[in-house]
Every structure is written in structure tokens, then in C-alpha cells.
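Subject: Structure handover

Hello,

I am passing on the structure we spoke about. Please look through it first; my notes on what was found follow below.

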Amino acid sequence: QVQLVESGGGLVQAGGSLRLSCAASGSIFSIYGMGWYRQAPGKQRELVASISTDGSTNYADSVKGRFIISRDTAKNTAYLQMNSLKPEDTAVYYCAAVRGSRTFSTGVDDWGQGTQVTVSS
């Protein structure tokens, strides 16, 4: 099991940028695939970006070209750089981890507590 703590959320104007961080502890960070989900009010939680143990990345179509997911194994931290933010990006963003080579389609092993991102128009 790995403990995940997000930071970096806040209020930003449309067109602006934010970088979310997810600090991991309690287990070997490098053996986990990492992902960022978001949940807007009244909507289902959705996976917006993921990065596997070998560094390959995937993005939801809605954020492709605007968001970048990365990981720093030395710091046990995953990041989500969010650029060209839109009001529809407003949501609570959750860091997630999945053990080994599994994908998030098989389920999430560990969740962070979430961080609010609000984009004003």
C-alpha cells in the first residue's frame, strides 16, 4: 500500500496553468503506475492522465495537448502540469496508484485525498 498526498490545486483564470504534485510514501514508488483522476460536481470520476512504471503516458481526449503527466522516482512524486486551463477543467483532482504493470482499467489500488482546481472564465 502507498500513501498519496496531493498539492498544488487552487483558483486560476481560464488560459492559465497549474501544476499538481502527488507525494507518495509507504511503499516502493517505482513499482506503481500513477494516474490523475478528476470529478466535477454531479459527474462521474474520470481518468485524465496516467503514467506507467516504464514512463509511457496516456491522456483523455479532453486534456490531450494541454496536460502533461510525469514522475520523479528519486522524489517519489508524480506531477500533472495543466496548461491552457478551461472552466470545464474545474473539478477535484485525485492522485491514484496501481501496482505493477496493471492498468487503471482494472481498478485503483490507492487514492489520494483530492485537491480542488477551479478555473474561472
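**Core, loop and pocket**

Met82 is in contact with Gly16, Ser17, Leu18, Leu20, Arg66, Phe67, Tyr93 and Val117, leaving aside residues up to four places away in sequence. Please keep in mind that this is a predicted model.

Met82 also belongs to the largest nonpolar core, which has 29 residues. Together with Leu4, Met34, Trp36, Leu80 and Tyr93, Met82 touches the most other members of that core. Two or more core residues come from each of β3 (18-25), β4 (32-39), β5 (46-51), β7 (67-72), β8 (77-82), β9 (91-99) and β11 (115-120). There is also a second, separate core of five residues, among them Tyr37, Ala96, Val98 and Phe104. As background, nonpolar side chains in soluble globular proteins tend to be buried together.

Next, the loop between β9 and β10 (110-111), where Ser101 is found. Is Ser101 buried or exposed? Ser101 counts as exposed because its relative accessibility is 72%, and the cut-off for exposed is over 50%. Ser101 lies 49 residues from Ser52 in sequence, yet their C-alpha atoms are 7.2 Å apart in space.

Ser52 comes up again at the largest pocket, where Ser50, Ile51, Ser52, Arg102 and Thr103 are the closest to the centre of the 14 lining residues. The volume of this pocket is about 170 Å³. β5 and β6 (57-59) each contribute at least two residues to the lining. By class, the lining consists of ten polar, three nonpolar and one charged residues.

Regards

Terms used. Residues are numbered from 1 along each chain as its sequence is written. This is a predicted model: local features need pLDDT of at least 70, side-chain atom pairs count only at pLDDT 80 or more; totals for chains, interfaces and linings use all residues. Side-chain values use heavy atoms; hydrogens and water are left out. A nonpolar core is a set of buried Ala, Val, Leu, Ile, Met, Phe, Trp, Tyr and Cys residues joined through side-chain atoms within 4.5 Å. Buried means under 20% relative accessible area, exposed over 50%, partly exposed in between (1.4 Å probe, protein chains only). Helices (H or I, at least four residues) and strands (E, at least two) are DSSP runs, numbered from the N terminus. Contact means heavy atoms within 4.5 Å. On a 1 Å grid over the protein atoms alone, a cavity is a set of points where a 1.4 Å probe fits but cannot get out, and a pocket is an open set with protein on both sides within 12 Å along at least five of seven lines; lining residues have an atom within 4 Å of a point. Grid points are joined across faces, edges and corners, and a volume is the space filled by probe spheres set on the points. Ala, Val, Leu, Ile, Met, Phe, Trp, Tyr, Cys and Pro count as nonpolar, Asp, Glu, Lys and Arg as charged, and the others, Gly among them, as polar.
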